[in-house]
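Hi,

Here is the structure I promised to pass on. Have a look first, and my notes follow below.

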Amino acid sequence: MTDQADTSERKPKAAGGKTLSLKRTVESGHVRQNFSHGRSKSVVVEKKKKRTLKTDGTPAPVEEKAKPVAPAKEAPAAAAAPAPAPAKKEAAPAAEKKQAPRARSGVVLRTLTEEEKAARALALDSAREREGEDRRRAEEEARRFAEEDARREAERNAAAARATEEAARLAAEQEARARSAEDAKRRTATDADRPAPRAAVKEVAVEDGDEEEKPKRSAGHAAPKQPAVRRGEERRRGKLTITKAFDDDSGRQRSLASMRRRVERERKKHMGQMDAPQKIVRDVVIPEIITIQELANRMAERAVDVIKILMKQGIMLKITDVIDSDTAQLVAEEMGHTVRRVAESDVEEGLVGEDDAAELKQPRAPVVTVMGHVDHGKTSLLDALRKTDVAAGEAGGITQHIGAYQVTLGSGDRITFLDTPGHAAFTSMRARGAKVTDIVVLVVAADDGVMPQTIEAISHAKAAGVPMIVAINKMDKPEAEPSRVKNELLQHEVVVEDFGGDVMAVEISAKSGMGLDKLEEAILLQAEVLELRANPDRSAEGIIVEAKLDKGRGPVGTVLIERGTLRVGDIIVAGTEWGRVRALINDRGENVQAAGPSQPVEVLGLGGAPEAGDVMSVVENEARAREITDYRQRVRRDKRVGTGNRTSLDQMLSQLKEQDKKELPIVVKADVQGSAEAIVQALEKLGTDEVTARVIHVGVGGVTESDVTLATASRAPIIGFNVRANSQARDAARQDGVEIRYYSVIYDLVDDIKAALSGMLSPELRETFLGNAEILEIFNISKTGKVAGCRVTEGVVRRGSHVRLIRDDVVIHEGKLSTLKRFKDEVKEVQSGQECGMAFENYQDMRKGDVIECFDVEVVKRSLD
């Protein structure tokens, strides 16, 4: 390695132009480094000179040190050539300090100023303070390390002592268990077979994978036990610290908790108790339907295990599939849980209270339902009793609503009357009236006798199991025959008292008032026999007799209280609707604060119009009412969409047949719920196998814009029964071309719908036989094709009529004649016994001996009967 140091220096300037400066303390040079295999590298080396000051202020000799600037990467650089030692400089005398500086080696030197001296002294003091502080910090760190080592050594010694005690205890327990096992098995074990405590400790250590090195013992004393470092010690050692790095005896010891866990595992292993944890038996609540995920959550089991059990039973389901309560119960019981089944209908438990005690009941007014054929005078009878004129307000003179009234007699007794429609369309109304009644008054006209709706009313009364009183009306007419009425009633198992039966018959005249007092006495007598009583001091229960949507008052329900007292402010539930009672209005239009048993009132405050026949009950709070109505709405929605019903093959075939059926979509809006129900039932009866009327929407109240939108989408007319459309609905109907028809009598509505359905029926094709002709010969004509030479054997053959080609009594072709000639002339018809030539349209397969049948087709328009 060669040294090529650059020793060139600047030449000093002239004496007059020299400046005061310090000599360079760093000199650079190049060093050539040689390596093996003929490699070499040139490295730049700096030579630094250290300048120090003596106490007298003169500079001390400069020490030179070579320092490589760019060391080699391939191999360590060789040491640089030592620099020549500088010559020592003599100290200048004190008297010459203030003189001009001397030039040494061509460099002009100068003395330090006072500020530079103070700065250098301050730097030296700071350096000395830092050195002292670093020394103190090192001493404190060393002392802390020593304390930490002492603490760790004490912990190791304590852990070793605890391990020794635990091992001794374990050995004692093993020895005791061994002795008890030997006593149980009636065996005697020798002392050699019994494990020693030291051996037990060693066995535990070996089985647990914690083998320790055997301590070396000398002849004089035993060496202290040092725990051996296990194979996994380095992995569990954690972060390396200075203490761990300099601690030679830092072998990691097992913690006390680890020792306890090892001892416990060993104890359970010897006693055979290393089994799975005991299963927790839970009380699982299972509703009617439940998903697999929800069932697993309630059992605190994995959903995969539930699916495995179902797969063993041959049921392939996903985690989100729904199973019934029976299947869920089988799965839960198989997994060891107890099952408590509940149903969604449990929310209705306690809604209808139990029967009251006899001492709490008080007499109540009888509820009497007036039934009979249409126009037999039911409403007129009630008018005579109430001294009002209700029939005059009914459209067409017939009753189309259930009317509820309470009449106070001269004696002070009260009777509640329900007036039901007599028209055939109001069957459900009559059935509902018979269910809520105590006594049925069957009105029969003396001049008309027993009619179809009279027979139906008898059936409803028998089905309800209520007593019946026959009121033979219109006795003021000359043609009245009460005996004929009584005889006709015998045909339907209604035996009056005159014929030895138990049914009372009263002859009355609603027009003249004849016999009304006798009818009232008969009703009171029958009520006395029935002993009608109810408890008024309880929450109210009743029946929705009628419901409607009033424009100014909202949903209004006519309620007949059966027991209890209904008050303003009560929270009621009626079918799928609930609400708080805002007002109670009696049959005279008066506002009342409470209504007792057998009293009919109109209730305001429901959220919607309930269905007629729904049970009304009072609940304790809104949450309970909302819960019940939500459940009922969900059940009704499931029934409507058919949730969970699987389609069978027969149902699929019937659906395919129904697809060919023509439907007339209709939107029905009525004034009350009962009328809407009657209209729907009447329209359903009009359908046949070919056409039917499908009610896509039925509601209570006026025709709204949403009804028009639905009718537009369904291409359906809107039927308004005793209601009208608002201005927005009329404009929308006019714009969309939707027909709105208004009716006030159900007769007219049914007749119009029947006529519309009749127009949808496909016409009937009726054939009229004209005659037969026999083919005698077949002629081939170039332009026309095959022409049959025929003789008319029966009737007449006309051109343009329908014909059939019959061969061996089998119809081969059916079509029309294209040519009918006689002696080369086109003729319109050929009579019987004459010969002619005939050709078919688009058919040429004719043979000799075939028979041609000629007939006409007549289109006959059909209608619903």
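D809 is in the loop between β35 (802–807) and β36 (810–822); helices here are DSSP runs of H or I with at least four residues, strands are runs of E with at least two, and both are numbered from the N terminus. D809 is not a glycine, yet its phi is positive, about 60°. With a relative accessibility of 77%, D809 counts as exposed. The cut-offs are under 20% relative accessible area for buried, over 50% for exposed and partly exposed in between, using a 1.4 Å probe and protein chains only.

Before I go on, two words on the source. This is a predicted model, where local features need pLDDT of at least 70 and side-chain atom pairs count only at pLDDT 80 or more, while totals for chains, interfaces and linings use all residues. Residues are numbered from 1 along each chain as its sequence is written, and side-chain values use heavy atoms, with hydrogens and water left out.

R715 is another non-glycine residue with a positive phi, near 55°. You'll find R715 in the loop between α17 (705–714) and β30 (718–721), and at 78% relative accessibility R715 counts as exposed.

Now the overall picture. The protein chain has 19 helices and 40 strands, and buried residues account for 37% of its 865 residues. Of the contacts (heavy atoms within 4.5 Å) between residues at least 6 apart in sequence, 67% join residues at least 24 apart.

On to the strands around β23 (residues 577–585). Strands count as paired if DSSP finds at least two bridges between them. β22 (residues 571–574) runs antiparallel to β23, with four bridges joining them, and I571 is opposite R580 in β23. The two strands form a hairpin with two residues between them, and G575 in that turn has a positive phi of about 65°.

β23 also has four bridges to β26 (residues 600–606), again antiparallel; there A583 faces L604. Then there is β24 (residues 591–592), which pairs with β23 over two bridges in the antiparallel sense, with I585 opposite N591. β23 and β24 make a hairpin too, with five residues between them, and G589 in the turn has a positive phi of about 80°.

For a parallel pairing, go to β28 (residues 662–670). Nine bridges join β28 to β29 (residues 691–700), and the two run parallel. L664 has A693 in β29 as its bridge partner. Seven of the nine residues of β28 are buried, so this strand is largely enclosed by the rest of the structure.

Among the helices, I checked α11 (residues 452–464). G465 follows the helix with a positive phi, near 70°.

F840 and Y843 form it, edge-to-face, at 6.3 Å centre to centre and with 90° between the planes. Rings of Phe, Tyr and Trp (its six-membered ring) pair if their centres lie within 6.5 Å, and planes under 30 degrees apart count as stacked, over 60 as edge-to-face and the rest as tilted. F840 is buried at a relative accessible area of 4%, and Y843 is buried at 15%.

R724 lies over the face of Y742, 4.5 Å from the ring centre. R804 has its charged end over the ring of F855, 4.0 Å from the centre.

Last, R538. R538 lies in the loop between β18 (533–534) and β19 (541–550). Is R538 buried or exposed? At 18% relative accessibility, R538 counts as buried. Its side chain makes a polar contact with the side chain of E541 at 3.1 Å; such a contact is a pair of N or O atoms within 3.5 Å, where within protein one must be able to donate a hydrogen and the other to accept it, and residues adjacent in sequence count only if both atoms are side-chain atoms. Leaving aside neighbours within four places in sequence, R538 is in contact with G353, E354, D356, R563, G564 and T565.

Cheers

Technical notes
A charge sits over a ring if NZ of Lys or CZ of Arg is within 6 Å of the ring centre and within 35 degrees of the ring normal.
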